[in-house]
Amino acid sequence: MKLQVNERAVLNLIETGIATSQIQLARTLGVQPGSVNNMLKRLEKTGLVYRDRIHRYGRGRPMVHFRTKRTGPILVIMWTDTHWTSGVFVDDAPRGAIQQVESKPSANLSEVLDHLREVRDLALAQSGLRVSDLAVTVLNIDAVLTEHGRILTSSVNPWLQQASVKDFSDALDCKVRFDLRIPSIIPELRARVNEGVRSLAVVVVDSGVSAHGARLDPQWGAEVFYRGELGHVVVDPSGRVCGCGHRGCLETVLSGPSLVRRVEADVRAGTQSSLATFVGEPPEKLFNELERLSKLGTDAYADTLVEDILDRVAWSVSLVTNLIGPDVVVLSGYGLAGRDSWRERILQKARPLTWGGEPEASRLEFPRLKSEDYFCELARTADRFTPQD
Ligand SMILES: [Zn+2]
């Protein structure tokens, strides 16, 4: 189908997520909604766009949001810590079951590339497709692209430093694109839109520490992302060197691995605590035990540690609230998600640090969705926001 200039503009706005509903498109292009309606009908008929979701904003009419259709099959791999999720998507729907694999922490780039080939082959076997059928492989990992999108860097995976996008394409025999958005933020915001929530921040404590924010503007449909590098705010200039190269970042005192290191060092120095038996265990288990012990209140060392963690988290929450003022702050990552007995304490500690006494109790929440939901949303929008050659 030969597209007219206006139709190309509509397609481009939908594809990039800048405007995805009829009214948003009309306002962005400065034309009457009726003319956009005709274009949308034509694009829908030819299969280039389809109806994606409906949102209700207050008492107004429900707003239908559109999405563009993709051409070839894509392989999507999402990797967090030791958890790998992969799947092949054709026309934005999964082909075959989505695969979830656990691995040991990777020590170097070649181990990671081995894991990637494994999860690629698992997903391909499920889909009945071959590598040569794929249009592109999209990778979502905890990293940042530098040098015009060619070189990777990561504070939690230091050996990723200086790896190039090409290394990954070569290893996977397929064109690789990195989509480095935080996959949880938009789905968590959308999960609350019908309750009137318009902005949200996700504070994450796991192998790293971060806080990302997004805001929904019903008029323009723009979802504004904040950079989110809370973990690299320096809190102790004479502290330990962080994976980012600076000294004493928040991540060096609050992340899972940093707490494991702290317990190990204290136990070696003679500290008495039942946490000694957790040395060498994954950080998530340490957090579970800390929460359990903090409820019992029988282990003074664990109590001190928890007090420190909650102080840091409360400071983070107040910082995000003072800077962004989101409707909801979601406590996420294995360090925080679902730890109900800590939520109220974080709130108490955050209140005196937050302008106007916010955040309110109901506004400090846990994630409502699962990583598979994040994955599906990521797959459907993958690589559209970060164009790379
Ligand atoms: Zn840092």
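## The sheet

Five strands form an open sheet in the order β5-β4-β3-β6-β9, and their pairing is mixed. Two strands sit at the edges: β5 (93-102) and β9 (176-178). Each of these pairs on one side only. Ignoring direction, neighbouring strands of the sheet are turned by 20° against each other on average. Strands of a sheet pair through backbone hydrogen bonds, either parallel or antiparallel.

Strand β6 (residues 136-140) pairs with β9 in the parallel sense, over three bridges. Val-138 stands opposite Arg-177 in β9. Helix α5 (residues 165-172) lies across β6 and β9. Helix α5 runs at about 140° to β9.

The chain has a mean pLDDT of 87, and 93% of its residues reach 70 or more. Residues 385-389 stay under 50. For this stretch the model has eight contacts beyond four places in sequence. Where pLDDT is low, the predicted coordinates should not be read in detail.

## Three domains

The chain is divided into domain 1 (5-68), domain 2 (74-182 + 371-381) and domain 3 (193-365). Between domain 1 and domain 2, the C-alpha centres lie 30 Å apart.

## Two packed helices

Helix α1 (residues 5-16) packs against helix α3 (residues 33-45) at an angle of about 80°. Their axes are 10 Å apart. Angles of 65 to 115 degrees count as roughly perpendicular, so α1 and α3 are roughly perpendicular to each other.

From α1, the contact uses Asn-6, Glu-7, Val-10 and Leu-11. From α3 come Val-36, Met-39, Leu-40, Arg-42 and Leu-43. By class, the contact of α1 with α3 has six nonpolar, one polar and two charged residues.

Methods:
Residues numbered from 1 in each chain as written. Predicted model: local features only at pLDDT ≥ 70, side-chain atom pairs only at ≥ 80, totals over all residues. pLDDT = per-residue confidence, 0-100. Contact = placed C-beta atoms within 7 Å. Axes fitted to C-alpha atoms, helices over the stretch in contact; angles between N-to-C directions. Helix = DSSP H or I, 4+ residues; strand = E, 2+ residues; numbered from the N terminus. Parallel < 35°, antiparallel > 145°, perpendicular 65-115°, else oblique. Nonpolar A, V, L, I, M, F, W, Y, C, P; charged D, E, K, R; others polar. Domains from an automatic or database assignment. Pairing = 2+ DSSP bridges.
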